[in-house]
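Here's a quick tour of a protein model, written for someone new to reading structures. Have the picture open while you go through the points.

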Amino acid sequence: MSKLSQSFYQKPALEIAKDFLGKYLVFNSPKGKISGKIVDVEAYPAFSDKVSHGNKRTNRTEVMYREGGYTYVYLIYGIYHQFAVVVNKKDIADVVFIRAVIPSEGINIMEQNFGRSVKRVNDLTKSPGNLCKSFGIDLSLYGVDMTEDILFIEDRDELINPLSIITANRAGINQKLEGWDKKIRFYIK
C-alpha cells in the first residue's frame, strides 16, 4: 500500500480520472480509520463546458485553482456534501469527482455516521451524498492536502481490467447546461 504522491495528481482530469478506479479513499477520522475502493468517478475539466464549478473563481472554488492534490468539498441544495479531488497544474481548475466506493475498513463507523440501517453495506457509499455522510466528509475537510495523513488515496496494487470500466454521461446534471451529456463518467462494472 502506498499513498499517492503529489505527482499523481498533476495530470488533466480527462487523462487521470480512470486512474482513480481501484484505488482506496482513506480517512483517518476522529472516530477511526475508514476506507473504501473507488469504483465510480467523473471528470470535470476546467473551462470546457458550463457544468464545472471551476468556470468561475470564487471563495468556494478557490481550492480548485491550486495544483493537484487537494480536496474540494462543497454542499449541494444546502444539505448534501460532495467530494472531489483537485487535479492538474496550478490555475487549471480540474477536478475528479468521487461518486462511489465499496466500503473496506471502518464499516461500523460508516454505519454510525449514516444514522440508519441499510440493506447492503455498499448502500452506505453508493452515491456521492451517501459516501460523504458515511465517511463523515464535510466542509471542515475543504482544502485538505491529500499527501498528508488525514484524507488521502492509496494504491493497494489492485489491477482493474480495462474491459470492466464503463464510460457514461455524468449523472445528475441539469440538462439545460452545456456539457451535461459528456461521456466522462467512469465506473467499474
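What follows covers strands, aromatic rings, charges over rings, loops and a surface patch.

This is a predicted model, where local features need pLDDT of at least 70, side-chain atom pairs count only at pLDDT 80 or more, and totals for chains, interfaces and linings use all residues. Residues are numbered from 1 along each chain as its sequence is written, and side-chain values use heavy atoms, with hydrogens and water left out.

**Strands and how they pair**

- Helices (H or I, at least four residues) and strands (E, at least two) are DSSP runs, numbered from the N terminus.
- Two strands pair if DSSP finds at least two bridges between them.
- Let's start with β2: five of its six residues are buried, so β2 is largely enclosed by the rest of the structure. Here, buried means under 20% relative accessible area, exposed means over 50%, and partly exposed is in between (1.4 Å probe, protein chains only).
- β2 and β3 run antiparallel and are joined by six bridges, with a hairpin of two residues linking them. In this pairing, F27 has I34 in β3 as its bridge partner.
- β2 also pairs with β7, again in the antiparallel sense, over four bridges. There, V26 stands opposite F152 in β7.
- β3 (residues 32-44) pairs with β9 (residues 185-188) as well, antiparallel over three bridges; D40 has Y187 in β9 as its bridge partner.
- β9 has an antiparallel pairing with β8 (residues 165-168) too, over four bridges, and I165 stands opposite I188 in β9.

**Aromatic rings**

- Rings of Phe, Tyr and Trp (its six-membered ring) pair if their centres lie within 6.5 Å; planes under 30 degrees apart count as stacked, over 60 as edge-to-face and the rest as tilted.
- That rule gives a count of seven aromatic pairs. One of them is F8 with Y9: the ring centres are 5.2 Å apart and the planes are at 85°, so this pair is edge-to-face.
- F8 is buried at 12% relative accessibility, and Y9 is buried at 0%.
- The rings of Y9 and F20 have centres 6.3 Å apart and planes at 55°, so they count as tilted.
- Y9 lies in the loop between β1 (2-3) and α1 (13-16), and F20 in the loop between α1 and β2 (24-29), so the pair ties together parts that are eleven residues apart in sequence.
- Put together, F8, Y9 and F20 form one aromatic cluster.

**Charges over rings**

- A charge sits over a ring if NZ of Lys or CZ of Arg is within 6 Å of the ring centre and within 35 degrees of the ring normal.
- The charged end of K3 does this over the ring of F152, 4.9 Å from its centre.
- R66 has its charged end over the ring of Y70, 4.8 Å from the centre.

**Two loop residues with positive phi**

- Most residues other than glycine have a negative phi.
- N88, which isn't a glycine, has a positive phi near 80°. N88 is in the loop between β5 and β6 (94-105) and counts as buried, at 7% relative accessibility.
- D157 isn't a glycine either, yet its phi is positive, about 55°. D157 is in the loop between β7 (151-155) and β8 and counts as exposed, at 64% relative accessibility.
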